[in-house]
Amino acid sequence: MLRILIVEDDSQLAETVKYLVEDNPRYRVVGIAEDADSAIAAAERHDPDLVLLDLHLARSTTGFSVAVRLNDLGVACLFVTGKAPSFPMPDLAIGCLMKPFTAEDVHRSLAMAEDLLRGRETVRPKMPDNLTLYEAVEEGPAPEPGYIPSKPSLRTRLEHWISGQQH
């Protein structure tokens, strides 16, 4: 089961996303946060596998600072925002899902994120038009084939996935 934390300052949207996520029994929302401080506290308390992270949060905080801290904790992020960053940030997130989105967009995005996190090749029939997956930009030694640590860093997970794509 993929444990997911939602970080969104619009409570109605957060509840809608929770409903869409939990529509699939393979996913469970472990918490909802609305600002940077509560997001970090929730991540430390619930140890999620993935954080769906809005970039514009309550109390004039941003998702970028949250993504930096989550990366330090080894927690993967998928940006979910109305205004995408102007350039990819593979050190901070596995990708970006643009608002507005449909239920199908959320389901496909979670399936692709799960594939990446589990070290599986993403072979989904159609990627959502409003989802951008980020590729790692730094090169490093590829992990041994088949080896996936229990809680590897985001960079390690992405490098493993990308090295699998090149074979």
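Valine 80 lies in strand E4, where helices (H or I, at least four residues) and strands (E, at least two) are DSSP runs numbered from the N terminus. The model is predicted, so local features need pLDDT of at least 70 and side-chain atom pairs count only at pLDDT 80 or more, while totals for chains, interfaces and linings use all residues. Residues are numbered from 1 along each chain as its sequence is written, and side-chain values use heavy atoms, with hydrogens and water left out.

**Valine 80**

- Valine 80 is buried, at 8% relative accessible area; buried means under 20%, exposed over 50% and partly exposed in between, with a 1.4 Å probe and protein chains only.
- Leaving aside residues up to four places away in sequence, valine 80 touches Leu52, Leu53, Asp54, Leu55, Leu97, Lys99 and Phe101, a contact being heavy atoms within 4.5 Å.
- Between the C-alpha atoms of valine 80 and histidine 56 there are 9.8 Å, and the two residues are 24 residues apart along the chain.

**The aromatic pair**

- The count comes to one aromatic pair; rings of Phe, Tyr and Trp (its six-membered ring) pair if their centres lie within 6.5 Å, and planes under 30 degrees apart count as stacked, over 60 as edge-to-face and the rest as tilted.
- The ring centres of phenylalanine 64 and phenylalanine 79 are 6.0 Å apart and the planes stand at 75°, so this pair is edge-to-face.
- Phenylalanine 64 belongs to helix H3 and phenylalanine 79 to strand E4 (residues 76-81), so the pair ties together parts 15 residues apart in sequence.
- Phenylalanine 64 is partly exposed at 30% relative accessibility, whereas phenylalanine 79 is buried at 0%.

**Helices H2 and H3**

- The axes of helix H2 (residues 36-46) and helix H3 (residues 63-73) come within 9 Å and cross at roughly 15°; axes are lines fitted to C-alpha atoms, for helices over the stretch in contact, and angles run from 0 to 180 degrees between N-to-C directions.
- H2 and H3 are therefore roughly parallel to each other, a label for angles under 35 degrees, with over 145 roughly antiparallel, 65 to 115 roughly perpendicular and the rest oblique.
- Ala36, Ala39, Ile40, Ala43 and Glu44 of H2 make the contact with Ser65, Val66, Arg69, Leu70 and Leu73 of H3.

**Leucine 117**

- Leucine 117 is found in helix H4 (residues 103-118) and is buried, with a relative accessible area of 12%.
- The C-alpha atoms of leucine 117 and leucine 2 are separated by 9.4 Å, with the residues 115 residues apart along the chain.
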